[in-house]
Amino acid sequence: MKRTLLIIKPDAVKRNLAGEILKRIIDAGFKILGMKMMWLDKDEGARFYEIHKGKDFYEWLVNFISSGPIVVCCLGAEDAPQKLRTVVGATDPKKAAVGTIRNLFGTSVGENVVHASAPDEDPEREIKFFFSEKEIFNY
Ligand code: DAT
Ligand code: MG
């Protein structure tokens, strides 16, 4: 079993979609190994998204992720990082496959309801950004 990180972003939390999204994640076969609700400040948002520093949407992205509460989950499954990207769909909800979370709930390329670790961008780094090992449970 591998681990990956899911963030339910501020747009989805504000729209009360956290439950709908988690139901789909669980139905897809993921186990929730860790979960917390938090509100990032701008510095934390900037550090989490530093891989995008210099891109034209970076400032917008940092403001958005720190614009309200988020729900952060460490998920476990076989091939979890790749599997989660499939369930979440493409970055732009208009291009996301029918039935994916971003297709169902996303409203724009920026307000796309969830973050899912990219398999080639070190999901374990993202998990450790939010969780200590004591906050992740193997059950
Ligand atoms: P993903 O979240 O699918 O991994 P990414 O890593 O390329 O996509 O970008 C991170 C986030 O930045 C993405 O979820 C939404 C935002 N974003 C990406 N491209 C954007 C764009 N062209 N305009 C506005 N926001 C964008
Ligand atoms: Mg990404």
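Colleague: How far is an oxygen atom of ligand 1 from an N or O atom in the side chain of Arg-102?
Modeller: The model is predicted. Arg-102 is among the residues around ligand 1. An oxygen atom of the ligand and an N or O atom of the Arg-102 side chain are separated by 3.0 Å.

Colleague: How much of the accessible area of ligand 1 does the protein cover?
Modeller: On its own, ligand 1 has 510 Å² of accessible area.

Colleague: In which pocket does ligand 1 sit?
Modeller: A molecule sits in a pocket if more than half of its atoms lie within 2 Å of the pocket's grid points. For ligand 1, the pocket is the largest.

Colleague: How do the residues of the shell around ligand 1 divide?
Modeller: The shell includes Phe-57, Leu-61 and Asn-112. By class, its residues are three nonpolar, four polar and three charged.

Colleague: Why is the pair of Phe-48 and Tyr-49 edge-to-face?
Modeller: By the pairing rule there are five aromatic pairs. The ring centres of Phe-48 and Tyr-49 lie 5.0 Å apart. Planes over 60 degrees apart count as edge-to-face, and here the angle between them is 65°.

Colleague: Is Phe-129 buried or partly exposed?
Modeller: Buried means under 20% relative accessible area. Phe-130 is at 6%, so Phe-130 counts as buried. Phe-129 has 22%, so Phe-129 is partly exposed.

Colleague: Which residues do ring pairs link into a cluster?
Modeller: The rings of Phe-129 and Phe-130 have centres 4.9 Å apart and planes at 70°, so they form an edge-to-face pair. The cluster linked by ring pairs consists of Phe-48, Tyr-49, Phe-129 and Phe-130.

Notes
Residues are numbered from 1 along each chain as its sequence is written. Chains are lettered from A and ligands numbered from 1 in the order in which they are written. This is a predicted model: local features need pLDDT of at least 70, side-chain atom pairs count only at pLDDT 80 or more; totals for chains, interfaces and linings use all residues. Side-chain values use heavy atoms; hydrogens and water are left out. A residue is near a molecule or strand if one of its heavy atoms lies within 4 Å of it. A polar contact is a pair of N or O atoms within 3.5 Å; within protein, one must be able to donate a hydrogen and the other to accept it, and residues adjacent in sequence count only if both atoms are side-chain atoms. Accessible areas come from the Shrake-Rupley method with a 1.4 Å probe; for residues, only the protein chains shown count as cover. On a 1 Å grid over the protein atoms alone, a cavity is a set of points where a 1.4 Å probe fits but cannot get out, and a pocket is an open set with protein on both sides within 12 Å along at least five of seven lines; lining residues have an atom within 4 Å of a point. Ala, Val, Leu, Ile, Met, Phe, Trp, Tyr, Cys and Pro count as nonpolar, Asp, Glu, Lys and Arg as charged, and the others, Gly among them, as polar. Rings of Phe, Tyr and Trp (its six-membered ring) pair if their centres lie within 6.5 Å; planes under 30 degrees apart count as stacked, over 60 as edge-to-face and the rest as tilted. Buried means under 20% relative accessible area, exposed over 50%, partly exposed in between (1.4 Å probe, protein chains only).
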